[in-house]
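Here is a short report for a reader meeting this protein for the first time. Look at the sequence and the fold, then read on.

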Amino acid sequence: MAATIQQTLIPRYSPRIGPIRFAWRFEPCEHIGGDIFNFQYTGKNYISFYMFDVCGHGVSSALIAAAVSQFTQTSCEPTVSAIEAPCPETVLNNLERAFPFERFDCKATGAGVD
């Protein structure tokens, strides 16, 4: 059941940038964990990708990863007038304020590409 739920949280389609196509493979493990990735269109001709890994395994790590992903999706939504993607530094600073180490007593690592 955990693998099914996690699968609904990852993208259902691959984005394209001109002739470039992206692909991934989802291999669920036996235990739920705090790994998640996604992408979104963040401005005219921009796609942002991110991947998070919350330390540990289990429901708590998975819930934090899902919350971080949802926060990222909603806080980086493009506007009609957006010409540029949000700066990765700004996104990471916003995440640090919303999800400080002290709040959950765990850490997360992330990577993003614009």
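Two residues are in contact when heavy atoms of theirs lie within 4.5 Å. With that rule, and not counting residues up to four places away in sequence, Ala98 touches Phe71 and Arg103.

## Basis of the report

This is a predicted model, in which local features need pLDDT of at least 70, side-chain atom pairs count only at pLDDT 80 or more, and totals for chains, interfaces and linings use all residues. Residues are numbered from 1 along each chain as its sequence is written, and side-chain values use heavy atoms, with hydrogens and water left out.

## Overall layout

The protein has four helices and five strands. Both kinds of element are DSSP runs, numbered from the N terminus: helices are H or I with at least four residues, strands are E with at least two. Starting at the N terminus, the order is α-β-β-β-β-α-α-α-β.

The protein has 114 residues, and buried ones make up 29% of them. Buried means under 20% relative accessible area, exposed means over 50%, and partly exposed lies in between, with a 1.4 Å probe and protein chains only. Take the contacts between residues at least 6 apart in sequence: 64% of these join residues at least 24 apart.

## Aromatic pairs

Seven aromatic pairs turn up in a search of the whole structure. Rings of Phe, Tyr and Trp (its six-membered ring) pair if their centres lie within 6.5 Å; planes under 30 degrees apart are stacked, over 60 edge-to-face, and the rest tilted. Trp24 and Phe37 make an edge-to-face pair, 5.2 Å centre to centre with 70 degrees between the planes. This pair links distant parts of the chain, 13 residues apart: Trp24 is in the loop between β2 (20-21) and β3 (33-43), and Phe37 is in strand β3. Trp24 is partly exposed, at a relative accessible area of 28%.

Phe71 and Phe99 also pair edge-to-face, with 5.6 Å between centres and 85 degrees between planes. Here too the pair links distant parts of the chain, 28 residues apart: Phe71 sits in helix α2 (residues 59-75), Phe99 in the loop between α3 (88-98) and α4 (101-104). Phe71 is partly exposed because its relative accessible area is 25%. Phe99 is buried, at 18%. Elsewhere, ring pairs join Tyr13, Phe22, Trp24, Phe37, Phe39 and Phe49 into a cluster.

## The nonpolar core

Which residues make up the largest nonpolar core? There are eleven: Ile36, Tyr50, Phe52, Val54, Ile64, Ala65, Val68, Val91, Leu95, Ala98 and Phe99. β4, α2 and α3 each supply at least two residues of this core. A nonpolar core is a set of buried Ala, Val, Leu, Ile, Met, Phe, Trp, Tyr and Cys residues joined through side-chain atoms within 4.5 Å. In soluble globular proteins, nonpolar side chains tend to be buried together.

Ser69 lies in helix α2. Is Ser69 buried or exposed? Ser69 counts as buried because its relative accessibility is 6%. Leaving aside neighbours within four places in sequence, Ser69 is in contact with Ile36, Asn38 and Tyr50.

## The largest pocket

The largest pocket holds about 500 Å³ of space. Of its 27 lining residues, Gln6, Phe26, Gly33, Asp35 and Ile36 are the closest to its centre. A pocket is an open set of points on a 1 Å grid over the protein atoms alone, where a 1.4 Å probe fits, with protein on both sides within 12 Å along at least five of seven lines; lining residues have an atom within 4 Å of a point. Points are joined across faces, edges and corners, and the volume is the space filled by probe spheres set on them.

α1 (2-9), β3, β4 (46-57) and α2 each give at least two residues to the lining. The lining divides into 17 nonpolar, six polar and four charged residues. Ala, Val, Leu, Ile, Met, Phe, Trp, Tyr, Cys and Pro count as nonpolar, Asp, Glu, Lys and Arg as charged, and the others, Gly among them, as polar.

## Exposed residues

Val59 is in helix α2 and counts as exposed at 54% relative accessibility. Val59 and Gly33 are 26 residues apart in sequence, yet 6.9 Å apart in space, C-alpha to C-alpha.

Arg21, in strand β2, is exposed at 63%. Leaving aside neighbours within four places in sequence, Arg21 is in contact with Pro15 and Arg16. Gly18 is in the loop between β1 (16-17) and β2, and is exposed at 62%.
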